[in-house]
Structure formats: structure tokens, C-alpha cells
Amino acid sequence: MQENNQIQAIRNEVEQYIGHKVVVRADKGRKRIVTKEGVIENAFDEVFTVRISNSFDMERTVSYTYTDVLTSTVQLTVY
């Protein structure tokens, strides 16, 4: 039950920063860590989405779960 409270707290915090610029640091396994900048677009029940634009002026939307943030697989830094 405590885990659900922590996930809900993470979700509430992510919802506060919708539209804000963030740095996403994701651990992809095997010592691969990907760092990208983007904007939090939406927060849904199980996932939140981040719109990422790369150096080629292409945009894509990436989704992450709140459990990823809880387990430190994904780290968010808000500007």
C-alpha cells in the first residue's frame, strides 16, 4: 500500500510540471544511460509523456511509467 502512495505522490508531482522543460536521464541497461531534454506533455493514470526534440528538428513523444521514476530507472530534472 505504501508503494501506491509513493507512485501517487510521483504522479501528482509530474502533473504539476506539465508544460515545463525537463532533462530525462534513463538507464537502458548494460551501462547505457540516455540523457535527453524535453517538455512534459501529459500525465495519465499509469504513464506520463515527454515531447523530445533532437538536433535535427524532429520531435517525438516518449512515455515513461511512474514506477520507472520510483525505482530510479528514470530520473527527471525540471528547469
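1. Let's start with the core. The largest nonpolar core has 15 residues, and the ones with the most contacts inside it are Val 14, Val 24, Phe 48, Val 50, Tyr 64 and Tyr 66. At least two residues of this core come from each of α1 (2-16), β1 (21-29), β2 (32-43), β3 (47-53) and β4 (59-65). Keep in mind as you look that this is a predicted model.

2. Now the fold around that core. The protein chain has two helices and five strands, and reading along the sequence gives the pattern α-β-β-β-β-α-β. The radius of gyration is 13 Å, close to the 12 Å that the globule rule gives for 79 residues, so the chain is as compact as a globular protein of that length. If you'd like dimensions, the C-alpha trace spans about 45 × 30 × 20 Å along its principal axes.

3. Some whole-chain numbers. Of the 79 residues in the protein chain, 24% are buried. The chain exposes about 5700 Å², with carbon and sulfur atoms supplying 46% of that area. Take the contacts between residues at least 6 apart in sequence: 38% of them join residues at least 24 apart. On charge, there are 10 positive and 11 negative side chains, and the centres of the two sets lie 10 Å apart.

4. Setting aside residues up to four places away in sequence, Val 50 touches Val 22, Val 24, Gly 38, Val 39, Ile 40, Glu 41, Arg 60, Thr 61, Val 62 and Tyr 64.

5. Not counting residues up to four places away in sequence, Thr 49 touches Val 39, Ile 40, Glu 41, Asn 42, Phe 44, Thr 61, Val 62 and Ser 63.

6. Next, Ala 43 in strand β2. Is Ala 43 buried or exposed? At 17% relative accessibility it counts as buried, because the cut-off for buried is under 20%. Beyond its neighbours within four places in sequence, Ala 43 is in contact with Arg 11, Val 14, Glu 15, Ile 18, Phe 48 and Tyr 66. Ala 43 and Tyr 64 are 21 residues apart in sequence, and their C-alpha atoms are 9.8 Å apart in space.

7. Arg 11 is the charged residue I'd check on screen. It lies in helix α1 and is buried, with a relative accessible area of 17%. Leaving out neighbours within four places in sequence, Arg 11 is in contact with Ala 43, Phe 44, Asp 45 and Tyr 66.

8. Finally, a backbone point. Most residues other than glycine have a negative phi. Which value does phi take at Arg 30? It is positive, about 50 degrees, although Arg 30 is not a glycine. Lys 31 also has a positive phi, near 60 degrees. Arg 30 is found in the loop between β1 and β2, and Lys 31 is found in that loop as well. Arg 30 is exposed, with a relative accessible area of 83%, and Lys 31 is exposed at 84%.

Key
Residues are numbered from 1 along each chain as its sequence is written. This is a predicted model: local features need pLDDT of at least 70, side-chain atom pairs count only at pLDDT 80 or more; totals for chains, interfaces and linings use all residues. Side-chain values use heavy atoms; hydrogens and water are left out. Helices (H or I, at least four residues) and strands (E, at least two) are DSSP runs, numbered from the N terminus. The radius of gyration is taken over C-alpha atoms; the globule rule is 2.2 Å times the number of residues to the power 0.38. Buried means under 20% relative accessible area, exposed over 50%, partly exposed in between (1.4 Å probe, protein chains only). Contact means heavy atoms within 4.5 Å. Accessible areas come from the Shrake-Rupley method with a 1.4 Å probe; for residues, only the protein chains shown count as cover. Lys and Arg count as positive and Asp and Glu as negative; His and the chain ends are not counted. The place of a charge is taken as NZ of Lys, CZ of Arg, CG of Asp or CD of Glu. A nonpolar core is a set of buried Ala, Val, Leu, Ile, Met, Phe, Trp, Tyr and Cys residues joined through side-chain atoms within 4.5 Å.
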